[in-house]
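Subject: Structure handover

Hello,

Here is the structure for you to look over.

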Amino acid sequence: MTGKSSTHSTRTPHDWEQLIERYYAGETSLHEEEELRKFLFSGEADDRYDDTRAVLAYTQMGRRQTAPRVHATRHHALRVWAAAACIALMLGGGIVYYTTAPRDTCVAYVYGEKQTDPEAVISQMQQSVSQFASTDVAVESQLDAIFSPLESIP
Amino acid sequence: MKRLYKILITSLLLVGTSVAQAQEGLAIAPLFAGQYNHDKQAVVVLIKGDKLKEYHLSLFRSIAITDRPDDVALFEAAVRADSSKANNSETVKSGNNTIAGYYQLPPASPGGENRFILFRKLSPDDATLIYLEGHTQLDRLIKLFINKKQ
């Protein structure tokens, strides 16, 4: 095989067995484990290594299932916090708006002069509305009756 | 989780747009921007809230101008433009001249309040423009302002 310095060829069967023993003893490095894995799944290893091949396959599968979960858990937590922050911002903004924005407004500008006295403003409103009244007395009475309750508002 | 972000952003946008006033988008909207507040030939009224509740209105805005033919023409043009969107209207004539117009426009958003424009041209120089919002109907408003013809 060109390009690859096949370390498989540098180890004898005895070396591989020693490496397997060290693997089971937990003394191999990650690099050695990877080397062992490549050898066992390369086709060069015969049937006597089936047990070890099965163990390595099992541990490899376990690593794949656990490693991403750590990242997913961290990302999921961040997303939940981000969503909670968005909802809190929306609620906070809504509360600020509804508590600070004026709910009732009553103002008139009479020839440039600002008036905020409710009675005066209502009076101006009545005058505006009266422009639309016909000369019919009954209508004027209706308007008076309709808007007179406003005069009692403090 | 992308879907949740989309829902959140859409909700934010909806909240933002709902806050915008319903008269936005109407030709008369710029007339109520405040430029007549300090005009010595105008009377401007703005009432919002509980004081209008018993009339089933939530907003009352009016501008009355005197001795200003240019502004009367401006009001007329704006009312004419918005009246095309009216789903109900009534005009009062004196001879061939329209002296008052009442227009009901659909709500700015589904489920919103009806919008009303009332325009009274007293003379080429004098006019009153009223904009209302509320859960009422044009015929009820007309009963308030003029006699219903039999």
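This is a predicted model: local features need pLDDT of at least 70, side-chain atom pairs count only at pLDDT 80 or more; totals for chains, interfaces and linings use all residues.

Residues are numbered from 1 along each chain as its sequence is written, and chains are lettered from A and ligands numbered from 1 in the order in which they are written.

The helix pair

Two packed helices are described by the angle between their axes and the distance between the axes. In chain A, take helix α1 (residues 13-24) and helix α2 (residues 30-40). Their axes come within 11 Å and cross at roughly 125°. Axes here are lines fitted to C-alpha atoms, for helices over the stretch in contact, with angles from 0 to 180 degrees between N-to-C directions. α1(A) and α2(A) are therefore oblique to each other. For the angle classes, under 35 degrees is roughly parallel, over 145 roughly antiparallel, 65 to 115 roughly perpendicular, and the rest oblique. The crossing of α1(A) past α2(A) is left-handed, meaning that the near helix is turned anticlockwise from the far one by less than a right angle.

From α1(A), the contact uses A:Trp16, A:Leu19, A:Ile20 and A:Tyr23. From α2(A) come A:Glu32, A:Glu33, A:Leu36 and A:Phe39. Contact means C-beta atoms, placed from the backbone, within 7 Å. By type, these residues are six nonpolar, no polar and two charged. Ala, Val, Leu, Ile, Met, Phe, Trp, Tyr, Cys and Pro count as nonpolar, Asp, Glu, Lys and Arg as charged, and the others, Gly among them, as polar.

Buried means 20 or more other C-beta atoms within 10 Å of the residue's own, exposed 12 or fewer, and partly exposed in between. A:Gly26 follows α1(A) and has a positive phi, near 75°.

A:Glu33

A:Glu33 sits in helix α2 of chain A. It counts as partly exposed because 16 other C-beta atoms lie within 10 Å. Leaving out residues up to four places away in sequence, A:Glu33 touches A:Tyr23 and A:Thr28. Its C-alpha atom is separated by 9.7 Å from that of A:Arg22, eleven residues apart along the chain.

Chain B

Chain B has three helices and six strands. These are DSSP runs: H or I of at least four residues for helices, E of at least two for strands, numbered from the N terminus. The order from the N terminus is α-β-β-α-β-β-β-β-α. Of its 150 residues, 33% count as buried.

Best wishes

Conventions. Two residues are in contact if their C-beta atoms, placed from the backbone, lie within 7 Å.
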